Amino acid sequence: MGIKTNRQTYTGTPKYVLPILCFGLVMLSNLSQVFAQFRAPYTMRTPGGNITIPGSYAPILYSFDREPISSRYKFYIVLKNDSTVVSKTKIKLRTATKPSEISWREKGKKYTVTPDQTKEIYRIDYWNKKIKGIPQDSCWLFLVDTVSYEKRIRRYSMTADINQPAISHFKMEKAKEILPLKKETLEPYVEGNEKAKKLLSKNKLLKAIEELNLQD
């Protein structure tokens, strides 16, 4: 049905539709740039039943100036006395003044432990693989580069969200010490690599690590 006016029946597109369509296309373009950074999780049917494949996300650099929240998982919390507590919970991440902590309830009572009170915590992923957090520097650290062990520099996340890690620490190949990922701690290792040095000067720490991992 057309739109009746005083003079004639108009069957074309109203004037306001074109601007709305243009605006929508611009917004869609912007969103596509954001979503291009990750692939959303999806469910796949297998002979043994349906399994969920986690998304693939670009890592972010953890900031000690704010208090992000980790995802909730079924965690196995191994205490210093070798007893293990199993609870679906999340890690409350460290701040500049407080260590990370993890809590659970048992018989109506709440228990909270910090990294120094545990031997490790871990969760089991979709492929029955152990994602282990080791106590270090008032937090638990989860190795992000669980596949690419050949990398010179390994990255660690303060969350068990390996597909969307919050990179906070790193360790050089064959080194024993895990260091907080800051400009001053990474600076000694970029000597001799001008591209990595330039990236570090721009505070692009993760990019600098990627460049260092490319060199022979």
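Which strand holds Ile131? Ile131 is found in strand S14, residues 130–136.

**Figure 1. Overview of the predicted model.** This is a predicted model, in which local features need pLDDT of at least 70, side-chain atom pairs count only at pLDDT 80 or more, and totals for chains, interfaces and linings use all residues. Residues are numbered from 1 along each chain as its sequence is written, and side-chain values use heavy atoms, without hydrogens and water. The protein has four helices and 18 strands (DSSP runs numbered from the N terminus: helices are H or I, at least four residues; strands are E, at least two). Of its 216 residues, 35% count as buried (under 20% relative accessible area, with exposed over 50% and partly exposed in between; 1.4 Å probe, protein chains only).

Figure 2. Ile131 is buried, because its relative accessible area is 7%. Leaving aside residues up to four places away in sequence, Ile131 touches Ile121, Tyr122, Arg123, Asp125, Phe142, Ala160 and Ile162 (contact: heavy atoms within 4.5 Å). Ala160 is 29 residues from Ile131 in sequence, and their C-alpha atoms are 6.9 Å apart.

**Figure 3. A positive surface patch.** Lys92, Lys98, Arg105 and Lys110 form the patch. Patch residues have over 30% relative accessible area and no salt bridge, and like charges are joined within 9 Å (salt bridge: a side-chain nitrogen of Lys or Arg within 4 Å of a carboxyl oxygen of Asp or Glu). Charges are placed at NZ of Lys and CZ of Arg.

**Figure 4. Lys110 in strand S12.** The strand spans residues 109–113. Lys110 is exposed, because its relative accessible area is 52%.

Definitions and conventions
Patch = residues over 30% accessible without salt bridge, like charges linked within 9 Å, V, L, I, M, F, W, Y side chains within 5 Å. Areas by Shrake-Rupley, 256 points an atom, 1.4 Å probe, with all protein chains shown as cover. Lys, Arg positive; Asp, Glu negative; His and termini not counted.
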